[in-house]
Amino acid sequence: MSEHHLTTPLTEAQVRELRVGDMVTLDGVVFGIRDATLIRIFDEGKAPPADLRGGVCLHTAPNVKKAGGRYEPLSVGTTTSMRMDRFTGGLLERYGVRAVIGKGGLSGESLKQFERHGGVYLAITGGAAALETTQIEAIEAVWWEDLMPECLWQFRVRGLGPLTVAMDAHGGNLYADVKAEARRRLEEILTRLEKRA
């Protein structure tokens, strides 16, 4: 396991150096994105109004307040990623996104897309919105405000993390590893119980 402090935008080479279990902290720009924004991009065919190449997308619909014409973050939590799974390949292939941050992981199909295009899934600890929010220095831009709060957000972050590389560009999948280990332990327990019976 290695630790990486990276600044966005990310390159394919940087992403391909990351392995499952590595820890990452991020500086730079992170884009907040969620269901409604992704539906607008892919199902409605409207190109994102920001350049996402080398970008990191955070699955979020933040709680914000508007002050003096700008938005300030109140709570920027992360949402479960699986319902946005079908958009992963398009984000990587069409728009050059390099990393997705979320909770709970993505499918085997998304894992193939990470391998093919050079991307990673970075897991953030559930319930860590308070800490995550302190790592956002500013909301620099917001597009498609009619989708509030599921707009496209541009956050300036410093030290965002620690994030765990949960799915990498080499087929590594922390979620699959945990399930396999749980099954192995369950079989051991059952075998011991059978011997006692």
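Here are some questions and answers about this predicted model.

Me: How are α3 and α4 oriented relative to each other: roughly parallel, antiparallel or perpendicular?
Reply: Happy to start there! Helix α3 (residues 88-95) packs with helix α4 (residues 108-117) at an angle of about 15 degrees, and their axes are 9 Å apart. Angles under 35 degrees count as roughly parallel. The two helices, α3 and α4, are therefore roughly parallel.

Me: Which class of residue has 5 members in the contact of α3 with α4?
Reply: Let's look at who takes part. From α3 come T88, G89, L92 and E93, while α4 supplies S110, Q113, F114 and H117. Sorted by class, the contact has 2 nonpolar residues and 1 charged residue, and the 5 are polar.

Me: Which elements do the buried residues of α2 pack against?
Reply: In α2 (residues 35-43), the buried residues are D35, T37, L38, R40, I41 and F42. Their packing partners are β2 (23-33), α3 and β9 (152-167).

Me: Is W144 buried or exposed?
Reply: W144 sits in the loop between β8 (136-143) and β9, and its phi is positive, near 60 degrees, although the residue is not glycine. Its relative accessible area is 18%. Buried means under 20%, so W144 is buried.

Me: Where is P162, which a cis peptide bond joins to G161?
Reply: Good one to check on the display. The bond between G161 and P162 is cis, with omega about 5 degrees. As for its place, P162 is found in strand β9.

Terms used: Residues are numbered from 1 along each chain as its sequence is written. This is a predicted model: local features need pLDDT of at least 70, side-chain atom pairs count only at pLDDT 80 or more; totals for chains, interfaces and linings use all residues. Side-chain values use heavy atoms; hydrogens and water are left out. Axes are lines fitted to C-alpha atoms, for helices over the stretch in contact, and angles run from 0 to 180 degrees between N-to-C directions. Helices (H or I, at least four residues) and strands (E, at least two) are DSSP runs, numbered from the N terminus. Angles under 35 degrees count as roughly parallel, over 145 as roughly antiparallel, 65 to 115 as roughly perpendicular and the rest as oblique. Contact means heavy atoms within 4.5 Å. Ala, Val, Leu, Ile, Met, Phe, Trp, Tyr, Cys and Pro count as nonpolar, Asp, Glu, Lys and Arg as charged, and the others, Gly among them, as polar. Buried means under 20% relative accessible area, exposed over 50%, partly exposed in between (1.4 Å probe, protein chains only).
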